[in-house]
Amino acid sequence: MFLFLDFDGVLHHKDAAGREIKPRDTASLDTLTEDERRFIDNEGRFIVGKNLFCHADRLASTLQPFASVQIVIASTWRNYFSLDKLKSFLPATLADRVVGVTPRVFSRDGAFVRSREISAYFSTDKSEDWLALDDHAYMYCDYEANHKLVLCDGERGFDDAVADVLLARLTDMKKEFQ
């Protein structure tokens, strides 16, 4: 069972994270704490924000009864951070479940891009055993993808209501695949 996970609008408020436009100079970097240093992207920009990953523990708790769920990161953060760095943002119980990231798929209009990324991730081995946790419905094009989407309100992220929906969907899928 795979869970394709977005970060912004899911694990924290959609506008919680912003990137500093200019790379940090060495003197500025020296003032950062070790925890803050994790948020320096591949281009040397510092990700700033309040309550980053504030819903990660709730997701970890929701997934706890489902040991077979593996996480694939579908967030745009995968374009700026290595897999190890992405894992470092998550609690250990979630990080241990992360098996990869979706490949980058380019789209002129951005529509349906997550559906295409998920298809590309599976390549020829199309798995029916997956869900996506995201705050953008327009990124999922077809009935199958929309049916597998657990939609968050980007203003609230992965709150208790969405946790209940994910729990119910995982429970139903577990019964279906037993």
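Arg-78 and Glu-117 are both buried, where buried means under 20% relative accessible area, exposed means over 50% and partly exposed lies in between, computed with a 1.4 Å probe on protein chains only. The model is predicted, so local features need pLDDT of at least 70 and side-chain atom pairs count only at pLDDT 80 or more, while totals for chains, interfaces and linings use all residues. Residues are numbered from 1 along each chain as its sequence is written, and side-chain values use heavy atoms, with hydrogens and water left out.

The two buried residues Arg-78 and Glu-117 form a salt bridge, with 2.8 Å between the closest N and O atoms. A salt bridge is a side-chain nitrogen of Lys or Arg within 4 Å of a carboxyl oxygen of Asp or Glu. The pair links distant parts of the chain, 39 residues apart: Arg-78 lies in the loop between strand S4 (70–73) and helix H4 (83–88), and Glu-117 lies in helix H6 (residues 113–122). Helices (H or I, at least four residues) and strands (E, at least two) are DSSP runs, numbered from the N terminus. Arg-78 and Glu-117 also belong to a network of salt bridges that links them with Asp-6, Arg-114 and Asp-134.

By this rule seven salt bridges are counted. Among them is the bridge between Asp-153 and Arg-156, at 3.2 Å from N to O. Arg-156 forms a salt bridge with Asp-159 as well, the closest N and O atoms being 2.9 Å apart. Asp-153 is partly exposed, with a relative accessible area of 33%, and Arg-156 is also partly exposed, at 49%. Asp-159, in contrast, is buried, with a relative accessible area of 14%.

An α-helix has 3.6 residues a turn, so residues three or four places apart point the same way. After H6 comes Ser-123, which has a positive phi, near 55°.

Strand S1 (residues 2–5) is covered on both faces, with Phe-2 and Phe-4 buried on one side and Leu-3 and Leu-5 buried on the other. In a regular strand the side chains alternate between the two faces of the sheet. Strands pair if DSSP finds at least two bridges between them. S1 and S4 run parallel and are joined by four bridges, and Leu-5 has Ile-73 as its bridge partner in S4. S1 also runs parallel to strand S6 (residues 130–134), again with four bridges, and the partner of Leu-5 in S6 is Leu-133.

Aromatic pairs were also counted, and the structure holds 14 of them. Rings of Phe, Tyr and Trp (its six-membered ring) pair if their centres lie within 6.5 Å; planes under 30 degrees apart count as stacked, over 60 as edge-to-face and the rest as tilted. Phe-2 and Phe-122 form an edge-to-face pair, at 5.4 Å centre to centre and with 75° between the planes. Phe-2 lies in strand S1 and Phe-122 in helix H6, so the pair ties together parts that are 120 residues apart in sequence. Phe-2 is buried at 18% relative accessibility, and Phe-122 is buried at 8%. Phe-122 forms an edge-to-face pair with Phe-4 too, at 5.6 Å centre to centre and with 80° between the planes. This second pair likewise links S1 to H6, across 118 residues. Phe-4 is buried, at 0% relative accessibility. Phe-2, Phe-4 and Phe-122 form one aromatic cluster with Tyr-121 and Trp-130.

A nonpolar core is a set of buried Ala, Val, Leu, Ile, Met, Phe, Trp, Tyr and Cys residues joined through side-chain atoms within 4.5 Å. The largest such core has 40 residues, of which Phe-7, Phe-53, Leu-59, Leu-133 and Leu-166 touch the most other members. At least two residues of this core come from each of S1, helix H3 (56–63), S4, helix H5 (92–95), S6 and helix H8 (160–176). H8 gives the most, with five residues. Apart from its neighbours within four places in sequence, Phe-53 is in contact (heavy atoms within 4.5 Å) with Phe-7, Leu-11, His-12, Phe-39, Trp-77, Phe-89 and Leu-90. A second, separate core has twelve residues, including Ala-74, Val-113, Ile-118 and Trp-130.
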